[in-house]
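The sequence and the structure are shown first.

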Amino acid sequence: MSDAEKEKQKRPVLYLAEFDSPDAIIHAAEKVRDAGYKNWDVHTPYPVHGMDSAMGLSDSRLGWIVLACGLTGVTAAVTMIQWMNGYDYPLVIGGKPPDAIASMVPIMFELTVLLASFGAVFGMFGLNELPKHHHPVFYSDRFEAFSHDKFFVSIEVEDKNFDTQKTRELLEALHPTHIELVEEEVA
Amino acid sequence: MSDANTTLDATKYRIPEGSSWSGAWKISAAIGALGSLAALAGAVLQPERFAFSYLYGFITVMTLWLGSVFFVLIQHLTGAGWSASVRRSAEFLISGVVVLPLLFLPLVPNLKTLYPWWSADKSGAAQAQEHAVEHAPTAHEAGHEAGHEAVSTGEENGEEHGPHALIEEATLKKKGAFLNHGFFGLRACVYFLVWLWLGLRLFGYSTAQDASGDKQWTVKLQRMAPVATMLFALSLTFAGFDWVMSLEPGWYSTMFGVRIFASSAVTSFASVILLTLGWKRAGLIHNEVNTEHYHDLGKLMFGFLVFWAYISFSEFMLIWYAAIPEETIYYHRRWDLPSWQVLSVMVVVLKFIVPFYAIISRNAKRNHRALGFAAAWLLGMHLLEMYYWVMPYYRPYLPVQFAGMWMEAGCVMATVGIYLTAVFRTMRKYPLIAVGDPRLSRAIDFVNV
């Protein structure tokens, strides 16, 4: 094998199946879900109602992250103020007890909201594996239509059930308008 | 698209003869009658307590009604599509507006008992004397009865020339331009005229659309919504000033109108959830109001509950920080005696903290049983909060009067029962869903993304 040929050697990374309508993509997603795939995704120009259940997605874990961050915030606020105002350096301001709860509440609220929002934003980034600068779906020339009027299903090689032949058969049975084995160059 | 025409059928979603809902008005009428008997007995046996108990009952109904108006107005104001299948439940509650002025009537002879400024008004100079004689000793008694250091403010208050009395006298002189018999009466008439106009239009236009499905009714409702919202906000705020806040005429708070609004809004979401769940359970409606709607109603109820807590606490914190006597008096009345302390803490814990954690989760909002329970709980807590608003003024600095609570219970049963009787009777004559709304099919297919 020459060096030039070696450079152009490619390996499959995913199947990309193109559909025309939201109904077709929901149907396709249900079939792929039922076939037991895990490393796969759906790409649509707009949010398609019912897609979560069609893809078999469970509830997002984001809420728990936000709750944990919020509780951390409120605990941090209480400990910080109790330590600073109540114990370490008590100051009487406006004749109020230095560790009065009423004056703590705004800080408790703010720190809860601050950490909860951090948790929501960065938790969302983490769960979505963002930032992601590249994905092999973009090797496909047809893929950019996903932001116009086409609906795509992609099934990745990493999936345990992936089989070049069987996966193709499964996708073909869904009557996509186009099907493509996307490959990437092997360095 | 499946438009109104496919779903338009004014005979659908009616309460059939023999359904538990067709006889619901009899139950509420019975409750109302029973309550009225208790209230009458109260008016004879303890006329002073009756005045406050009845005001408590009246503002409970008033806030429930105002909340429903807010719910419907905000849908028209935003042109909301998701709520078209839910909205009728709130519209039924609005239709009860006709009994509101009647429910107000028993308050009229009691204004002198309720509002200290009523006697201070120059036009009632003779009554002022009477008032002073009548009230000063009772407050004294209260102080001695409790025999407690915490009531020292109460004794000051009881003395005619105590510092608080002097401040109040000066304040009342300033507020006299607003708080006087003539203007008070005029304003009350204006509120009821505005409310009748709002209520009859919002309900009438929507039900007029049932038969024809004509889109012009939607346009008309959306066109009136901005002006109606302003009238609603002003009438709610000033009615709150007049009927609740002026129980403490020396008190200042710019937040009170917002607090009434926030409490009303929470009750409206709770009552819409409960009504639609009740219809579903009786099999009168099915998938028209589904989990997606309950999820959103739950989010709104949760959001406005947090809003209520936020503004109530802000109001308290600013008054606590500034510690100006004529402002802190409001909280002293609700804190100086142990039983009122318990009640104040109950409002915070049971109305906010418990339901906050109960319905914060998405799963709880999508679970009909859990959400229905939370809605019922919040309506119960609304009763507690209204008690906390009004009853401290029945002989201030008395402990919470558990004995004789039948009178408060009776007044709430009377006002709520009479109001719901009107609502339930109207309910039998109209579809339970706004069948003519052009956005109905969109509302039924609505999905939370």
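The sections below take up the basis of the description, the two chains, their contact and some local features.

## Basis of the description

This is a predicted model, in which local features need pLDDT of at least 70 and side-chain atom pairs count only at pLDDT 80 or more, while totals for chains, interfaces and linings use all residues. Residues are numbered from 1 along each chain as its sequence is written, chains are lettered from A and ligands numbered from 1 in the order in which they are written, and side-chain values use heavy atoms, with hydrogens and water left out.

## Chain B as a whole

Chain B contains 20 helices and zero strands. Helices (H or I, at least four residues) and strands (E, at least two) are DSSP runs, numbered from the N terminus. Of its 449 residues, 57% count as buried. Here buried means under 20% relative accessible area, exposed means over 50%, and partly exposed lies in between (1.4 Å probe, protein chains only). Contact means heavy atoms within 4.5 Å. Among contacts in chain B between residues at least 6 apart in sequence, 83% join residues at least 24 apart.

Helix α15 (residues 325–332) of chain B is largely enclosed by the rest of the structure, because six of its eight residues are buried. These buried residues of α15(B) are E326(B), E327(B), T328(B), I329(B), Y330(B) and Y331(B).

## The nonpolar cores

A nonpolar core is a set of buried Ala, Val, Leu, Ile, Met, Phe, Trp, Tyr and Cys residues joined through side-chain atoms within 4.5 Å. The largest such core has 134 residues, and W195(B), W243(B) and M301(B) have the most contacts inside it. Helix α3(B) gives the largest share of this core, 18 residues. A second, separate core of 22 residues includes F19(A), V32(A), F162(A) and L174(A).

## Aromatic rings and charges

Rings of Phe, Tyr and Trp (its six-membered ring) pair if their centres lie within 6.5 Å; planes under 30 degrees apart count as stacked, over 60 as edge-to-face and the rest as tilted. By this rule there are 58 aromatic pairs over all chains. One of them is the edge-to-face pair of F70(B) and F304(B), at 5.5 Å centre to centre with 70 degrees between the planes. The pair links distant parts of the chain, with F70(B) in helix α3 (residues 47–78) and F304(B) in helix α14 (residues 291–322) of chain B, 234 residues apart. F70(B) and F304(B) are both buried. A single aromatic cluster is formed by F58(B), W65(B), F104(B), Y191(B), F192(B), W195(B) and W243(B).

A charge sits over a ring if NZ of Lys or CZ of Arg is within 6 Å of the ring centre and within 35 degrees of the ring normal. R187(B) lies over the face of F183(B), 4.4 Å from the ring centre, and the charged end of K365(B) sits over the ring of F302(B), 5.2 Å from its centre.

## Strand β3 of chain A

In strand β3 (residues 151–156) of chain A, six of six residues are buried. F151(A), V153(A) and I155(A) point one way from β3(A), and F152(A), S154(A) and E156(A) point the other way.

Two strands pair if DSSP finds at least two bridges between them. Strand β1 (residues 10–19) of chain A runs antiparallel to β3(A) and is joined to it by six bridges, with L14(A) opposite E156(A). Strand β2 (residues 40–43) of chain A is also antiparallel to β3(A), with four bridges, and H43(A) stands opposite F152(A).

## Contact between the chains

The contact takes 11 residues from chain A and 12 residues from chain B. The two chains bury about 1000 Å² between them, 77% of it on carbon and sulfur atoms; buried area is the accessible area (1.4 Å probe) that two parts lose on being put together, summed over both. H49(A), K96(A) and A102(A) supply 46% of the area that chain A buries against chain B, more than any other three residues.

## Loop residues

The peptide bond from L130(A) to P131(A) is cis, with omega near -5 degrees, and P131(A) is found in the loop between α5 (101–127) and β3 of chain A. In chain B, A323(B) lies in the loop between α14 and α15 and has a positive phi near 50 degrees, in a residue other than glycine.
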